[in-house]
Amino acid sequence: MRPSGKDDASALKQLSAGDSLDIMKLNSGDTTEVLKFINTIANSYADQMKAQMFDTISDVCDENGNSVNANNLSLEEMILEMYNKIQIDFNHDGSPKMPQIILGEGNIDKLIELLDNSGPELNKKIDLILSNKNKIGLRERKKKKKKKKKLVD
């Protein structure tokens, strides 16, 4: 059950993989072919598990309004929208604990190019978002401390 009250539709799905191994190679005592066979099966399972994981993460993000619809957005606008939507925690010195960003193939090059070629304006916008998130986080931590102190007193 998800916090929204909906049933959790992210149950694990059955995985399957298939390949063939020549019995003569197996009987020869050469483990190279056996290891290749096992590696092929393991990679197939791993790929299926990754796909399921990202589907589940995508569903949860969509359900909670944390997805960024890239249609009609520039890469810069998409990055700013992403920074606005993700939760970012901060260290005691105020520096952000940046989350890991996972991008599809080819997008990392686009992101690096954008960041390398962007002027100070993009960084100023990102810094403003981070500053606002830090201020909100500080207020929330103060509220929690006060609430905790009242419980203790």
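Select Ala51 first. Ala51 sits in helix H2, which covers residues 31-63. The model on your screen is predicted.

Is Ala51 buried, exposed or partly exposed? Color by accessibility to see. Ala51 has a relative accessibility of 39%, so it counts as partly exposed. That value falls between the 20% limit for buried and the 50% limit for exposed.

Now select the whole protein chain and switch to cartoon. How many helices and strands does the chain have? There are five helices and two strands. Start at the N terminus and follow the order: α-α-α-β-β-α-α. The radius of gyration is 23 Å, well over the 15 Å that the globule rule gives for 153 residues, so the protein chain is more spread out than a compact globule.

Along the principal axes, its C-alpha atoms fill a box of roughly 75 × 50 × 30 Å.

Next, show the surface. The protein chain exposes about 12,500 Å². Carbon and sulfur atoms supply 53% of that area. Of the 153 residues, 12% are buried.

Then look at contacts. Take those between residues at least 6 apart in sequence: 53% of them join residues at least 24 apart.

Finish with the charges. Select the 24 positive and the 24 negative ones.

Conventions. Residues numbered from 1 in each chain as written. Predicted model: local features only at pLDDT ≥ 70, side-chain atom pairs only at ≥ 80, totals over all residues. Heavy atoms only, no water. Helix = DSSP H or I, 4+ residues; strand = E, 2+ residues; numbered from the N terminus. Rg over C-alpha atoms; globule rule 2.2 N^0.38 Å. Buried < 20%, exposed > 50% of the residue type's maximum accessible area, 1.4 Å probe, protein only. Contact = heavy atoms within 4.5 Å. Areas by Shrake-Rupley, 256 points an atom, 1.4 Å probe, with all protein chains shown as cover. Lys, Arg positive; Asp, Glu negative; His and termini not counted. Charge placed at Lys NZ, Arg CZ, Asp CG, Glu CD.
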